Amino acid sequence: MTLLRSGAASDVGRRRSVNQDAILTTPTLFVVADGMGGHAAGDIAATMAVRTFEAAGGRLGTEASFSDAISTANAEIYQASIDDPALAGMGTTLVAACLLGGASGDRLVVMNVGDSRAYRFRSGALSQITDDHSMVAEMVRRGELRPEEAEVHQQRHVITRALGLEPEVAADTFGVALREGDRIVLCSDGLTDEVDDEEIALALSTVADPQAAADDLVARANAHGGADNISVVIIDVLMADEAPEEATQAHRVVSAAVAGGATTAAGAPAAATSASDDEGWIARRRRLGIPRTVTFRVLVFIVLVAAVGWGAWAFVRWYAMSSYFVQSTDGQSIVIYQGRPGGVLWFQPQVTTVSTTTTGDVLPSRVKKLEHGVVEPSLAAAEHYIANLADEKRSTTAVQPSTTPTATVPSTQPGASGSGGTFGGTATTRGATVTTSPSAPTATTAG
Ligand code: MG
């Protein structure tokens, strides 16, 4: 035995003057119709469809009779549009769910024509039962358009099937296995154009009463603009004869919202975002004017990609700027740069110090090396390297070949100060201890 409880709401929205949607709820039959046509014609077409089902309600014991009701509604609307020129071209979408008895227990059959939809919400996951009969939905199914492109496509409202436009119409049929706790949602595009699947799932996970949930979804659609008429029917499964899924079903999970994070989507690990996270994100997204296609998970992905990008940038910067080098680019001055010779990607070396030591103060053999740049691990090491170069030049120019390398000799000008302020005094080089003078670069040697 299956026990259902339903709630329903239909609203004109905030832009239209007439509500051309029509709904029907009985204990076992539920219908949403979205009429189209000039003046009040759409309203008439939707109402005719609903009344046909209402009249046939007691006889809808089989799938065939359910299908017959759609054919009858189509024929009546089509004939009325021919008989009355004022109603020419009127039509309506239709999505209907009917609980039918069977040998293996009760089963829910859903039929649809047009872009009004049926969803099943189970264990926090929202699955779309029906396929839209619209131009963009068919392009998506053919792989010619991405779903996010379809959402903003200029011709997204062009439907390819409707009741009343042709003498005959083909409806899609879905057998829906029910489980206690399931929620079935029937709705017009006034809901799905304004409220994305993520937010629908959120509302269904947080509002328990079916009537309150239907009212909540209508209010959300109006809060987002209410550009069209909005109709919602919610059917809660209080008790069910559990039956295996039927082959006609190909529900695709379109969104998951898990209240409290305690439950997971049946048969698959839930891509669970907590309801409070989603609620907060949705509110922030609206406040910041971020498109609906930017979901919470898309945002997390963007943040992760940005973090990886920033990490790579920081590493390259650290590598490029963590060392120093000594270079002479003009053949005279000796400069300490932070960075690496030639730079790394877009990080160019920065001048740190222009030394008072010039290329004239170092050995000619070192100048060639300085033109290419000598890398040192730190600023202190770079300064030390330049000091060593100067010392080397001074020592070399002060020393003459000695035949008694270990002898200590007196200076001809003891105590004289050298050029550069540090030159002079006693130096030890090549095994000889010598006393040197900058003004008398040729040292006096013993012997
Ligand atoms: Mg509509």
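**Salt bridges, a metal site and nonpolar cores**

R117 forms a salt bridge with D132, and their closest N and O atoms lie 2.7 Å apart. A salt bridge here is a side-chain nitrogen of Lys or Arg within 4 Å of a carboxyl oxygen of Asp or Glu. R117 lies in strand 6 (residues 117–122) and D132 in the loop between strand 7 (125–128) and helix 3 (135–141), so the pair ties together parts that are 15 residues apart in sequence. Helices (H or I, at least four residues) and strands (E, at least two) are DSSP runs, numbered from the N terminus. Both R117 and D132 are buried, where buried means under 20% relative accessible area, exposed over 50%, and partly exposed in between (1.4 Å probe, protein chains only).

The structure is a predicted model, in which local features need pLDDT of at least 70 and side-chain atom pairs count only at pLDDT 80 or more, while totals for chains, interfaces and linings use all residues. Residues are numbered from 1 along each chain as its sequence is written, and side-chain values use heavy atoms, with hydrogens and water left out.

In total, the structure holds 14 salt bridges. Another of them joins R183 to D236, with 2.7 Å between the closest N and O atoms. Since R183 lies in strand 9 (residues 183–187) and D236 in strand 10, this pair ties together parts that are 53 residues apart in sequence. R183 and D236 are both buried. What about K368: buried or exposed? K368 is exposed, with a relative accessible area of 53%, and forms a salt bridge with E371, the closest N and O atoms being 3.9 Å apart. E371 is partly exposed, at 38% relative accessible area. These two residues are 3 apart in helix 10 (residues 364–372), so about one helical turn separates K368 and E371. Elsewhere, a network of salt bridges links R146, E148 and E149.

Which residues hold the magnesium ion? The ion is coordinated by D34 (OD), D189 (OD) and D228 (OD), at 2.1 to 2.2 Å. Donors are N, O and S atoms within 2.8 Å of the metal (3.2 Å for Na, K and Ca); water is not among the atoms, so sites may look incomplete. Along the chain, the donors follow the spacing D-x154-D-x38-D. D189 in helix 5 (residues 189–192) and D228 in the loop between helix 7 (210–223) and strand 10 (230–239) are 39 residues apart, and the pair links distant parts of the chain. D189 and D228 are both buried.

Helix 2 (residues 63–83) has 21 residues and reaches 30 Å from its first C-alpha to its last, close to the 30 Å expected at 1.5 Å a residue; the expected span is 1.5 Å times one less than the number of residues. Among the buried residues of helix 2 are F66, A69, I70 and I77. Their cover includes strand 3 (29–36), helix 1 (41–56), strand 4 (91–100) and strand 5 (107–113).

A nonpolar core is a set of buried Ala, Val, Leu, Ile, Met, Phe, Trp, Tyr and Cys residues joined through side-chain atoms within 4.5 Å. Of the 29 residues in the largest such core, L29, V31, F53, L60, F66, L94 and L163 touch the most other members. Helix 1 gives the largest share of this core, 7 residues. Contact means heavy atoms within 4.5 Å, and F66 touches residues including L29, F53, V109 and M111. A second, separate core of 21 residues includes Y119, L126, A221 and I234.

Note on methods:
Lists of a residue's contacts leave out its neighbours within four places in sequence.
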